[in-house]
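Subject: Structure for you to look at

Hello,

Please find the structure below. My notes on it follow.

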Amino acid sequence: MKTGTTKHARRGLWVLLLFSLITAAAGCGYRFSPGGDWIDSRLQTVFVDNLANTTSEPFIEIYLRNGFEDQFRKSSRFRLADSKDTADVILQGTINSLSVPPVAYDRFDKAQEGRAVMTVNLSLEERAGKKIWSVSNFSGNETYRIDQANPSTTSASKTAALQKLSNDMSEKAFRNLMSGF
C-alpha cells in the first residue's frame, strides 16, 4: 500500500513540476520560435529574389534560394509572392565566397575530408526600397567526404554538403530575421 502511494505522490510531483515550468515559460514571454512580430504587420507577402552568385560554383544560389523559400513556406508570418511586383517585401542577397578546402588527410597526405565555407550578404526590403533587415558576411560551413579512388562519389558528397549548407544557412538567417537580429 505504501509503494502505490509513493508512486502516486511522485507522479503528482512530476505533474506539478511540469505545470510550473510551462507556467513560468508562458509568464516570462518566452517563445520556442521567433514570429517576426517586430516587422510591420501590414507586410504579409515576401518574394525571394534570385541571389547573385559571385563564386565559380554552379547552382549554389539555387540551393540557397530554395532553402529560404522553404523557411518562408513553413512560417505562418509571411506568404510567398509570385513576383517582386506582388510582394510586400523582397529578400535579396549575394553569395560573396565559397571555398572548399581539404581539412583532413590520411597518412599519405591525401585529402579525406573537405569543408565547404560560404559567406553571403542578405537584406529584406520593402518593395519601395526601405530596408527592414540586413546582414553582411553571414557564414556557415559543412564538411564532406573525399574519396580519392572515386571522384564521382566525392562530387556527390560535395553536392550534398552544399545543399545541406544552403539549407542550414537559410534556416539560421531566417531565425535571425524573424528575431530581429
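In which strand is Val 135 found? Val 135 is in strand E7; strands (E, at least two residues) and helices (H or I, at least four) are DSSP runs, numbered from the N terminus.

Some background comes before the rest. This is a predicted model, in which local features need pLDDT of at least 70 and side-chain atom pairs count only at pLDDT 80 or more, while totals for chains, interfaces and linings use all residues. Residues are numbered from 1 along each chain as its sequence is written, and side-chain values use heavy atoms, leaving out hydrogens and water.

E7 runs antiparallel to E6, and 12 bridges join the two (strands pair if DSSP finds at least two bridges between them). The bridge partner of Val 120 in E7 is Phe 138. Four residues lie between the strands of this hairpin, where Gly 129 takes a positive phi near 110°.

Val 135 touches Val 120, Asn 121 and Leu 122, leaving aside residues up to four places away in sequence; contact means heavy atoms within 4.5 Å. The C-alpha atoms of Val 135 and Val 120 are 8.3 Å apart, with the two residues 15 apart along the chain.

Val 120 is also among the residues with the most contacts inside the largest nonpolar core, which has 30 residues. Such a core is a set of buried (under 20% relative accessible area, 1.4 Å probe, protein chains only) Ala, Val, Leu, Ile, Met, Phe, Trp, Tyr and Cys residues joined through side-chain atoms within 4.5 Å. Helix H3 (151-179) is one of the elements that supply at least two residues of this core, and H3 gives the most, with seven.

Regards

Methods. Buried < 20%, exposed > 50% of the residue type's maximum accessible area, 1.4 Å probe, protein only.
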